[in-house]
Amino acid sequence: MTITSLSDTDLEQMISISKHIFDFDFSGYAPESLKRRMLRLIEKWGFSSIYEFQYAITNGELSREALLNEITVNVTDMFRDPKVFYKITKVVFPYLESFPEFKVWHAGCSSGQEMYSLAILLKEHGLLTKTLQYGTDINTEVLKTAESGIYSISEMRKYSANYLSSGGQFSLSDYYTAKYQLAKMNSELKKKMVFSSHNLVKNPSFNEFQLIMCRNVLIYFDRDLQNKVLSLLIDSLAPYGYLVLGDKETISFYKNKEQLELVDKQYKIYRKKAIVSD
Ligand SMILES: C[S@@+](CC[C@H](N)C(=O)[O-])C[C@H]1O[C@@H](n2cnc3c(N)ncnc32)[C@H](O)[C@@H]1O
């Protein structure tokens with residue numbers, strides 16, 4: 001008989017096992033969403049006790065990657081929430097234009113669709129060759145897809161309308177080559193993309209960026225973790241750099257929100273103030 005509900009103690013035990021064996025601590029992930037995902041994992045693997053979960057991990061049956069794949073929500077789209085991209089072209093691109101070279105960080109980039117979407121718009125505005133795009137995620141499986149730049153053709157066809165709503169000037173199909181059921185993004189787009197595993201909860205900042213996009217990631221964390229990750233993102237921004245969180249996030253609770261100037265309320269676009277008081 002499999003477990004059909006999880007108590008707080010069960011969840012704590014699972015968190016502790018993962019932390020000790022995989023050095024992966026998801027204690028700050030929003031508990032209700034985490035419980036749902038854990039229950040799904042338990043059902044899928046047919047565990048009848050937390051002990052079996054532990055056994056599968058210590059035995060090597062359930063790898064760190066497999067666990068991460070179950071815990072992390074990797075849903076993403078090309079030109080997801082197209083109006084955010086449109087706003088970026090209007091508000092952020094003029095600032096980026098002033099640099100001979102600039103850096104963009106996609107924190108929690110999942111399988112990379114957001115990166116290719118931005119790269120297309122950067123190209124259309126003559127900015128792509130000046131851009132270095134960094135894509136990071138805790139889940140190394142999705143990063144492999146991001147690096148390949150290969151998606152299903154049906155997915156690409158679905159996003160033509162999103163591309164146009166983002167301000168795209170041509171046709172999305174100009175940016176990939178179709179082969180059988182797959183679409184391979186043009187290599188020009190990913191020439192200056194770097195992909196790397198990075199845990200926003202644990203790893204430090206690794207560069208200074210003119211633009212950071214971190215959409216649909218903080219919603220999975222509790223307030224303490226959101227505070228911690230927001231501090232990391234802001235520390236990683238160049239003075240006057242932009243932070244794009246998208247319309248699902250809020251920072252109303254954030255302890256140092258005076259470090260940011262609100263640029264767009266709906267799409268949560270912020271600009272780092274130049275002088276930050278302690
Ligand atoms: C829902 S996806 C969002 C993808 C993309 N930003 C978008 O809006 O379409 C959330 C991503 O955050 C990643 N993630 C979750 N916890 C993370 C952490 N601690 N550090 C880095 N990435 C994390 C997940 O693996 C997942 O790929």
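At what angle do α2 and helix α4 (residues 64-71) pack, and how far apart are their axes? In this predicted model, the angle is about 125° and the axes are 9 Å apart. The numbering of residues starts from 1 along each chain as its sequence is written, and side-chain values use heavy atoms, with hydrogens and water left out. Because the model is predicted, local features need pLDDT of at least 70 and side-chain atom pairs count only at pLDDT 80 or more, while totals for chains, interfaces and linings use all residues.

Two packed helices are described by the angle between their axes and the distance between the axes. Axes are lines fitted to C-alpha atoms, for helices over the stretch in contact, and angles run from 0 to 180 degrees between N-to-C directions. Helices (H or I, at least four residues) and strands (E, at least two) are DSSP runs, numbered from the N terminus. Angles under 35 degrees count as roughly parallel, over 145 as roughly antiparallel, 65 to 115 as roughly perpendicular and the rest as oblique. α2 and α4 are therefore oblique to each other. Contact means heavy atoms within 4.5 Å. From α2, the contact with α4 draws on Leu-34, Arg-37, Met-38, Arg-40, Leu-41, Lys-44 and Trp-45. From α4 come Leu-67, Glu-70 and Ile-71. This contact has six nonpolar, no polar and four charged residues. Here Ala, Val, Leu, Ile, Met, Phe, Trp, Tyr, Cys and Pro count as nonpolar, Asp, Glu, Lys and Arg as charged, and the others, Gly among them, as polar.

Helix α2 (residues 31-45) also packs with helix α1 (residues 8-22). The angle is about 75°, and the axes are 11 Å apart. α1 is thus roughly perpendicular to α2. Asp-8, Leu-11, Met-14 and Ile-15 of α1 meet Pro-31, Leu-34, Lys-35, Met-38 and Ile-42 of α2. Seven residues of this contact are nonpolar, none are polar and two are charged.

The strands come next. An open sheet of seven strands has the order β6-β2-β1-β7-β8-β10-β9, with mixed pairing. Two strands pair if DSSP finds at least two bridges between them. β6 (193-197) and β9 (260-264) stand at the edges with a single partner strand each, so one side of each lacks a neighbour in the sheet. On average, neighbouring strands of this sheet are turned by 20° against each other, direction ignored. β1 and strand β2 (residues 131-137) are parallel and share six bridges. Val-104 has Gln-133 in β2 as its bridge partner. Strand β8 (residues 237-244) and strand β10 (residues 269-272) run antiparallel, joined by three bridges. There, Val-244 stands opposite Ile-269 in β10.

β1 is mostly covered, with five of its six residues buried. Buried means under 20% relative accessible area, exposed over 50%, partly exposed in between (1.4 Å probe, protein chains only). Helix α5 (residues 82-97) lies across β1, β7 (209-213), β8, β9 and β10, at about 170° to β8. Helix α6 lies across β1, β2, β6 and β7, at about 170° to β2.

A separate open sheet has three strands in the order β3-β5-β4, paired antiparallel. β3 (150-152) and β4 (176-179) form its edges, each with a single partner strand, so one side of each is left without a neighbour in the sheet. Its neighbouring strands are turned by 30° against each other on average, direction ignored. Four bridges link β4 and strand β5 (residues 182-185) in the antiparallel sense. Tyr-176 stands opposite Met-185 in β5.

Some single residues complete the picture. Ser-111 lies in the loop between β1 (102-107) and α6 (113-124). Ser-111 is buried, at a relative accessible area of 11%. Its side chain makes a polar contact with the side chain of Gln-113 (2.9 Å). A polar contact is a pair of N or O atoms within 3.5 Å; within protein, one must be able to donate a hydrogen and the other to accept it, and residues adjacent in sequence count only if both atoms are side-chain atoms. Not counting residues up to four places away in sequence, Ser-111 touches Thr-76, Val-142, Thr-145, Ala-146 and Tyr-151. Thr-145 belongs to helix α7 (residues 140-148) and is partly exposed at 30% relative accessibility.
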